[in-house]
Amino acid sequence: MRTSSPTTTPTRGAYVLGVAVALVATVIGVTGPASAQRAPEPRAAAAAGATLPFGSTEAESATTTGQKIGPDHTQGTLASEASGRQAVRLDAGQNVEFTLDRAANAVNVAYNVPDGQSGSLAVYVNGTRLDASLAVTSKYSYVDTSWIAGAKTHHFFDNARLLLGRDLQAGDTVRLEAVSTEVTVDVADFEQVDGPAAAPPGAVSVVGKGADATGQQDSTQAFRDAITEAKAGGGTVWIPAGDFRLDSELSGVENVTIQGAGSWHSVVHASRFINQSGSAGKAVIKDFAVIGEVTERVDSNPDNFVNGSLGPDSRVSGMWLQHLKVGLWLTGNNDNLVVENNRILDTTADGLNLNGSAHGVQVRDNFLRNQGDDSLAMWSLNAADTDSVFANNTISQPNLANGIAIYGGSDITVKDNLISDTNALGSGIAISNQKFADPFFPLGGTITVSGNTLVRTGAVNPNWGHPMGALRVDAYDSAIEAQVKITDTTLTDSPYSAYEFVSGGGTGRGVENVTVDGSSVDGVGTVVVQAETPGAVTMSNVTATGVGAAGVYNCPYPEGSGTFTLTDGGGNSGWDSTWDDCSAWPEPDSGN
């Protein structure tokens, strides 16, 4: 177990309020009779999430000689951080066997081993053991962030991948057997990986500049020399198949392409890849892996794939980023940046954070799993993030904060994302005026939240002792004055509430100008709407089934701070009851 030193950088994703939760306030009913409203017209469902090159199978749905654990939503338990809140625990000699539903020649496995232990998973294909095995370790797990109020030891799972060396078809079986230690298997991703790509014409190879493709020697200078030569003509740095070790970070990355032979073939081992405060832009980084050795979260260290600015009109695609603090921590000028088709796994903090001054950024079709803070965030510090989009991303198991968080900024869009299994201090999506530091630029213009699917999202805030909703609108440090338009949302098996309207700092700032139109709530542990601050929302075409306690909890805090008005815009059904005891929180239905 590791403990990081306190940070001097503001920490996101955690409430810092330790208030009592005996809330007393006026309960405001829903205005406008739902019975008088016309039923909504059916809406065409848009596909949420990324188009992924792999298919995932949960271990608990496979054949096993081990023990299934979960479901559980209790902070600090292994099952609570698992995909689907369930997994399979294997003692040495026990196994879990997956039957493929697609062609594959590679597997990535999310797993856990007890703290301080390492071992392996033997791999059998159609009953025959392979020579290669999957190494498993607790080295990158059990992270402590003692300076974050309410945090416990977390980040229990890790990911390990293996090229199987043969092409499998649907119906073939892959069995994983614990060899020498207990291993908890969560989920397996099966993929058909193409062979290594060829170098583009005229590219400058890092091997030609002296890089060691075995990973035994530091290749930093070879990479730097290749970048210097290639960018003089706006050319390409080529990273062939192999393992390359960088002991120092790169800078001066601009007007150049850095390209690999594919993220399963070209692997750079570096905990800090690019660290630069400014760039002329037009940097393209694609098609290789950067795998670090970050085992704790130290926010003052730039232990990131990209730390700082890539400059305008840059692009990051086809990357596999793992065992870093943050995938991309972006400051300075990143206008018109595109981040697409990447995998970001096992970061001790954010997956990506647009930390002010980002305009026209597109973050789309990425897969993120097992982040130790927000998986995707925009934070408008020093300047407002504007006209930027998070779209069609698939996010699984952020284990401390939110799936997607928008902290300030203007004219932001969050659309068609699939987010599942948030844990501890987070919602699936948070639209927030929590500033963390100054100068901060609150939400402005129109914030569009459209077509998102949230599965098992929301968590108990341990600082308050009460839940955070699957989708949260939070006037933490200042009132919500932007137009917040939430449309066509699917919320499934929310362990607590579906929608939360709150002033997270406990000072009763208002949440105004919010509309919710078109929402399917299928299974919610407590309430559909959790209103805890003055303000108003209009909700239309929201249908709910499997409601645990009541339709509405409406208890603005602190007492006397004002009222929250929930206006029925028509087409609502299944959540017309109100929780009538503001001195107590409804307990979640155990089935959700």
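Predicted model: local features only at pLDDT ≥ 70, side-chain atom pairs only at ≥ 80, totals over all residues.

Trainee: How are tryptophan 379 and phenylalanine 436 arranged, edge-to-face or stacked?

Mentor: Their planes stand at 85° with the ring centres 5.8 Å apart, so the pair is edge-to-face.

Trainee: And where do tryptophan 379 and phenylalanine 436 lie?

Mentor: Tryptophan 379 is in strand β33, residues 376-379, while phenylalanine 436 is in the loop between β40 (429-432) and β41 (443-444). The pair therefore ties together parts that are 57 residues apart in sequence.

Trainee: Is tryptophan 379 buried or exposed?

Mentor: Tryptophan 379 is buried, with a relative accessible area of 1%.

Trainee: OK, another pair. What about phenylalanine 501 and phenylalanine 564?

Mentor: Those two form a stacked pair, 5.5 Å centre to centre with 20° between the planes. Phenylalanine 501 sits in strand β48 (residues 499-502) and phenylalanine 564 in strand β53 (residues 564-570), so this pair too is a link between distant parts of the chain, 63 residues apart.

Trainee: Buried or exposed, for phenylalanine 501 and phenylalanine 564?

Mentor: Buried: phenylalanine 501 has a relative accessible area of 1%, and phenylalanine 564 comes in at 0%.

Trainee: Which residues do ring pairs link into a cluster?

Mentor: Trp329, Trp379, Tyr407 and Phe436.

Trainee: Let's zoom out. How many helices and strands are there in the protein?

Mentor: One helix and 53 strands.

Trainee: How much of the protein counts as buried?

Mentor: 59% of the 592 residues. The protein exposes about 19,600 Å², and carbon and sulfur atoms supply 46% of that area.

Trainee: What share of the contacts joins residues at least 24 apart?

Mentor: 77%, counting contacts between residues at least 6 apart in sequence.

Trainee: And charges: how far apart are the mean positions of the positive and negative ones?

Mentor: 5 Å, with 33 positive and 64 negative charges in the protein.

Trainee: Switching to backbone geometry. Which peptide bonds are cis?

Mentor: One joins glycine 70 and proline 71, with omega about 0°. Another runs from aspartate 438 to proline 439, with omega near 0°.

Trainee: Where are proline 71 and proline 439 placed?

Mentor: Proline 71 is in the loop between β5 (67-69) and β6 (87-90).

Trainee: What's phi for histidine 155?

Mentor: Near 70°, a positive value in a residue other than glycine. Histidine 155 lies in the loop between β11 (143-144) and β12 (158-168), and counts as buried at 1% relative accessibility.

Trainee: And phi for aspartate 421?

Mentor: Aspartate 421 has a positive phi as well, near 60°. The place of aspartate 421 is the loop between β39 (418-420) and β40, and aspartate 421 is buried, with a relative accessible area of 1%.

Trainee: Last topic, serine 118. Where does serine 118 lie?

Mentor: In strand β9, residues 118-125. Serine 118 counts as partly exposed, at 48% relative accessibility.

Trainee: What does serine 118 touch, leaving out residues up to four places away?

Mentor: Val136, Thr137, Ser138, Ser180 and Thr181. Serine 118 and alanine 135 are 17 residues apart in sequence, with 7.7 Å between their C-alpha atoms.

Trainee: And valine 179, where is that found?

Mentor: In the loop between β13 (173-178) and β14 (183-191). At 36% relative accessibility, valine 179 counts as partly exposed.

Trainee: Which residues is valine 179 in contact with, beyond four places in sequence?

Mentor: Ala92, Ser120, Leu121, Ala122 and Arg129. The C-alpha atoms of valine 179 and glycine 119 are separated by 6.9 Å, although the two are 60 residues apart along the chain.

Definitions and conventions: Residues numbered from 1 in each chain as written. Heavy atoms only, no water. Helix = DSSP H or I, 4+ residues; strand = E, 2+ residues; numbered from the N terminus. Buried < 20%, exposed > 50% of the residue type's maximum accessible area, 1.4 Å probe, protein only. Contact = heavy atoms within 4.5 Å. Areas by Shrake-Rupley, 256 points an atom, 1.4 Å probe, with all protein chains shown as cover. Lys, Arg positive; Asp, Glu negative; His and termini not counted. Charge placed at Lys NZ, Arg CZ, Asp CG, Glu CD. Phe/Tyr/Trp six-rings, centres within 6.5 Å; stacked < 30°, edge-to-face > 60°.
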